[in-house]
Amino acid sequence: MMTRRLLQLFLGLAMYGISLAMFIRAGLGLDPWDVFHQGLANRAGLSIGVVVIIVSFLVLLLWIPLRQWPGFGTLCNAVLVGVFADIGLALIPAVSQIAGQFGLLVGAIVLNGIASACYIGARFGPGARDGLMTGLARRTGWSVRLSRTLIEVTVLAVGWLLGGSVGVGTVIYALAIGPLVHVLLPRFTVPAAVPKTANNAAPATC
């Protein structure tokens, strides 16, 4: 079971980073956090993967006043998504035709949904940004929906002002990713191990 969880975690994070590269190459707009990452990358002259890693660890600092602690998967997420985003950008060429752009966009959304279900279902802890959302909701009493909306609207606005890409892909992602992960997550969630007890132990033989 542990082998499956680790494999699923690492594959999920790799696919998540590749999906980010696909979004960028599609050129039709990014999800809110990646609009922010791209805007910062453009201003700082860094690769988007490096910016994703830096922002992940800065967000983790915000967990401290929320009294939330990262898991193994949280730390892997903070590093590997950015690494694979840069690998994906090195391998995936830019597309100029609209059919190719929409094809990349749809593929990116589907891959992102599978990736999210994989790493969340591995049960090694949330990503830095998801943990910020749930920690804020727990500490303030706000709903998770309100917390997520406030955070994502903020980073989207700042990212757009910094020059990040906002477009039809941003809207399609926002509408599609929730239902997609909702459908996929049960299929990828690794069940928790059930401890053996006297009731479920193998019966004694005569």
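A disulfide is a pair of cysteine sulfur atoms within 2.5 Å. By that rule, this structure holds zero disulfides. C76 is in none, and the nearest cysteine sulfur, that of C118, is 15 Å away.

Two points on the source come next. This is a predicted model, in which local features need pLDDT of at least 70 and side-chain atom pairs count only at pLDDT 80 or more, while totals for chains, interfaces and linings use all residues. Residues are numbered from 1 along each chain as its sequence is written, and side-chain values use heavy atoms, with hydrogens and water left out.

Back to the cysteines. Are they buried or exposed? Buried means under 20% relative accessible area, exposed means over 50%, and partly exposed lies in between (1.4 Å probe, protein chains only). C76 has a relative accessible area of 12%, so C76 is buried. C118 also counts as buried, at 6% relative accessibility.

Now take the whole chain. Its secondary structure comes to eight helices and zero strands. Helices (H or I, at least four residues) and strands (E, at least two) are DSSP runs, numbered from the N terminus. Read along the sequence, the pattern is α-α-α-α-α-α-α-α. The C-alpha trace spans about 75 × 40 × 30 Å along its principal axes. Of the 206 residues in the chain, 42% are buried. Contact means heavy atoms within 4.5 Å. Among contacts in the chain with a separation of 6 or more, 82% join residues 24 or more positions apart.

Axes are lines fitted to C-alpha atoms, for helices over the stretch in contact, and angles run from 0 to 180 degrees between N-to-C directions. Angles under 35 degrees count as roughly parallel, over 145 as roughly antiparallel, 65 to 115 as roughly perpendicular and the rest as oblique.

Which residues of α3 and α6 meet? From α3 come V52, V55, S56, V59, L60 and L62; from α6 come A128, R129 and L132. The residues of this contact divide into seven nonpolar, one polar and one charged. Here Ala, Val, Leu, Ile, Met, Phe, Trp, Tyr, Cys and Pro count as nonpolar, Asp, Glu, Lys and Arg as charged, and the others, Gly among them, as polar.

α6 also packs with α7, at an angle of about 125 degrees and with the axes 8 Å apart. That makes α6 oblique to α7. The crossing of α6 and α7 is right-handed. L132, M133, L136 and A137 of α6 make the contact with V144, S147, R148 and I151 of α7. These residues divide into six nonpolar, one polar and one charged.

Stop at S147. It sits in helix α7, which covers residues 144–161. With a relative accessible area of 0%, S147 is buried. Leaving aside residues up to four places away in sequence, S147 touches M133, L136, A137 and W142.

H182 lies in helix α8, residues 168–188. Is H182 buried or exposed? H182 is exposed, with a relative accessible area of 63%. The C-alpha atoms of H182 and I92 are separated by 28 Å, and the two residues are 90 residues apart along the chain.

Most residues other than glycine have a negative phi. R67 is not a glycine, yet has a positive phi of about 55 degrees. R67 lies in the loop between α3 and α4 (72–91). At 62% relative accessibility, R67 counts as exposed. R123 is not a glycine either, and has a positive phi of about 65 degrees. The loop between α5 (98–121) and α6 holds R123. With a relative accessible area of 34%, R123 is partly exposed.

Key. Left-handed = near helix turned anticlockwise from the far one by under 90°.
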